[in-house]
Amino acid sequence: MIVRIVKLSFKEEHISTFENLFEETKENIRNFNGCQFLELYQDKNNPTIFFTYSYWQDESYLEVYRNSDFFKKVWRKTKVLFHDKPQAWSVHKRVTLQ
């Protein structure tokens, strides 16, 4: 399993547009083959910064998603809202404490 963390910085006037887009697409993202978990976070001190946090069965499933028509359509709508270049990390979960 891999964890995908993506930092997204939006122009302030586009925050609600992004939130609406995420609301419309979140179930499709979460139910995409190989996606096991999805969360969206918003920075508490800078409301223009969001993070998506998702679990993928492995890197190959993430790549199929990233190359899908669905992703390309959503990304096309999302990237025009950015204030800054997005950043992304694929990481392995090492420890979980609850």
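Lys 26 is partly exposed, with a relative accessible area of 25%. Here buried stands for under 20% relative accessible area, exposed for over 50%, and partly exposed for values in between (1.4 Å probe, protein chains only). The model is predicted: local features need pLDDT of at least 70 and side-chain atom pairs count only at pLDDT 80 or more, while totals for chains, interfaces and linings use all residues. Residues are numbered from 1 along each chain as its sequence is written, and side-chain values use heavy atoms, with hydrogens and water left out.

The side chain of Lys 26 meets that of Glu 23 in a salt bridge, at 3.0 Å from N to O. A salt bridge is counted when a side-chain nitrogen of Lys or Arg lies within 4 Å of a carboxyl oxygen of Asp or Glu. Glu 23 is also partly exposed, at 49% relative accessible area. The two residues are three apart in helix H1, so about one helical turn separates Lys 26 from Glu 23. An α-helix has 3.6 residues a turn, so residues three or four places apart point the same way.

## A salt bridge in helix H2

The structure holds two salt bridges. One of them joins Arg 66 to Glu 63, with the closest N and O atoms 3.0 Å apart. These residues are three apart in helix H2, and about one helical turn lies between Arg 66 and Glu 63. Arg 66 is partly exposed at 34% relative accessible area, and Glu 63 is partly exposed at 29%.

## The shape and packing of H1

Helix H1 covers residues 15–30, which makes 16 residues. Helices (H or I, at least four residues) and strands (E, at least two) are DSSP runs, numbered from the N terminus. From its first C-alpha to its last, H1 reaches 21 Å, close to the 22 Å expected at 1.5 Å a residue. The expected span is 1.5 Å times one less than the number of residues. H1 bends by about 40 degrees at Glu 24, the bend being the angle between axes fitted to the seven residues ending there and the seven starting there.

The buried residues of H1 are Ile 15, Phe 18, Leu 21, Phe 22, Thr 25 and Ile 29. They pack against strands E1 (2–10), E2 (35–42) and E3 (49–56), and against helices H2 (59–66) and H3 (69–79). Contact means heavy atoms within 4.5 Å.

## The sheet

Four strands form an open sheet in the order E2-E3-E1-E4, with antiparallel pairing. E2 and strand E4 (82–91) are at the edges, each with a single partner strand, so one side of each has no neighbour in the sheet. The twist averages 15 degrees from one strand to the next. Two strands pair if DSSP finds at least two bridges between them.

E2 and E3 run antiparallel and are joined by seven bridges. Leu 40 has Thr 52 of E3 as its bridge partner, and Cys 35 has Trp 56 of E3. A hairpin of six residues connects E2 to E3.

## Helices across the sheet

H1 lies across E1, E2 and E3, at about 165 degrees to E2. H2 lies across E1, E3 and E4, at about 35 degrees to E1. Axes are lines fitted to C-alpha atoms, for helices over the stretch in contact, and angles run from 0 to 180 degrees between N-to-C directions.

## Ser 9

Ser 9 lies in strand E1. Its relative accessibility is 9%, so Ser 9 counts as buried. Leaving out residues up to four places away in sequence, Ser 9 touches Thr 48, Ile 49, Phe 82, His 83 and Asp 84.
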